[in-house]
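Here is a short note for a colleague who is new to this structure. Please keep the sequence and the 3D view open while reading.

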Amino acid sequence: MEIDLTPQLPKELYGGNGGSYHAWSPSQLPMLGQGNIGASKLALHTNGFALPRYSDSSKVAYVLQGSGVAGIVLPESEEKVVAIKKGDALALPFGVVTWWYNKEDTELVVLFLGDTSKAHKAGQFTDFFLTGSNGIFTGFSTEFVGRAWDLEESDVKTLVGKQSGQGIVQLEGNISLPEPKQEHRDGMALNCEEAPLDVDIKGGGRVVVLNTKNLPLVGEVGLGADLVRLDGSAMCSPGFSCDSALQVTYIVRGSGRVQVVGVDGRRVLETTIQAGNLFIVPRFFVVSKIADPEGMEWFSIITTPNPIFTHLAGSSSVWKALSPTVLQAAFNVDSGVEKLFRSKRTNDAVFFPPPK
C-alpha cells in the first residue's frame, strides 16, 4: 500500500481573541502516524496567552514569526522565563510545563515538531491543560480540590468558575506577567538565524544544525533539527538519512520543487512546496530540492539527536569513494563516461548554485 507524501497545511483546532492553535493530523498526512511524529502551530495575537500545559510528547519548538515570552518548568525545577524571537529553537522534554505570551503588535507564531511514540494517539500531540475550561481543576470535585489545596468550598468555586477560556486567552492590560531573564535563556534556547553556520556554500545555501552540542536538551527530547536556507534557484544535493531517521520538514519561507525517490528506484513524490507546507521523508528515502528564484527556507526535525546524512553528489559522496572499475561495472559504461561522471561536482558541497 502506497503512503501519500503530499505536503499539507494544518487545520485550526481551537482559538479566539487571543490567538489560535493549528495541527496536522495523520488522516491528512499518513506518515505522521507511520513515523510517530506530531506537528502543530501556535499563533498568538497581541496580549495572547497560551495557558499552562504539558504534553504527552517531547518536542522541539521553533519560532516562525514575532517575539514574546515563554515560561518553562522542567520536572522538579523552578520556572524559567525566556525571551523568544524569530529563529529561536527550544527543546521541550517529557513532563515540561509551558506557557506562551505575546505582548507585541506582531503575531507570535511557534511551530512544534515532536515524537509521539509514547503519546495517546500516534501522530498527534495531546496537551493537558493546568487551567482553563478544560483544565484539570474542572475535572476534580470541589472536595478533592479543597482538600488538595486547603481551600474553602466557596474559594474553590471561585477559582474554578473563573476559568472560562480554553487553551488560549487574551489578557487585560493590567496583568503583568514575569519579565524574562537572560540567564534563564542559557541552555534553553538557540537562535538558528544567529548561530554559527555548519554549512555555508556561496550562491548555494546555509545550514545550522541543532544537536546535543549547541542545545544539550535535545538529547532528552531524542530529536535533532536543522534550519536550511537555500539561495534562489539553488539545489540541495540528493541525500538520505543513513541512521534510519525520519525527516520532517516545514517550509518557513519561499517555494520550490521537491523529489523523493524510494524503494526500487521509484519516484514517490514530485511536487511544488511553499511556505506553510509540512512533508515527511521516510527512512532511507532519497530527497532533493530546488528553490524557486526567491529562494527557500525550511526547518526540519530528524528522529535522532545527532543525525548522520549521506549526500549523493559532491566530493564526499559515495560515488567518489567507489573504485572507477566498480562504477563502470555498476553503470555499465566505458571508462570515458565514468571519468566524466567522477570529474563533475568535485567540491565538497551540499548545495549547488544555479547553472550559469
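This is a predicted model: local features need pLDDT of at least 70, side-chain atom pairs count only at pLDDT 80 or more; totals for chains, interfaces and linings use all residues.

1. Residues are numbered from 1 along each chain as its sequence is written, and side-chain values use heavy atoms, with hydrogens and water left out.

2. The structure holds ten salt bridges (a side-chain nitrogen of Lys or Arg within 4 Å of a carboxyl oxygen of Asp or Glu). One of them joins R53 and D127, at 3.9 Å from N to O. R53 sits in strand β4 and D127 in strand β11, 74 residues apart. Strands are DSSP runs of E, at least two residues, and helices are runs of H or I, at least four, numbered from the N terminus.

3. D127 also pairs with K59, with the closest N and O atoms 3.4 Å apart. K59 lies in strand β5, 68 residues from D127. Shared partners join R53, K59 and D127 into one network.

4. Are these residues buried or exposed? R53 is buried, at 6% relative accessible area. Buried means under 20%, exposed over 50%, partly exposed in between (1.4 Å probe, protein chains only). D127 and K59 are both buried too.

5. E193 and K86 form a salt bridge of 2.5 Å, N to O. Both sit in loops, 107 residues apart. E193 is partly exposed at 30%, and K86 is partly exposed at 36%.

6. Q28 lies in the loop between β2 and α1. Q28 is buried, at 12%. Its contacts (heavy atoms within 4.5 Å) include Q8, P10 and A23, not counting residues up to four places away in sequence.
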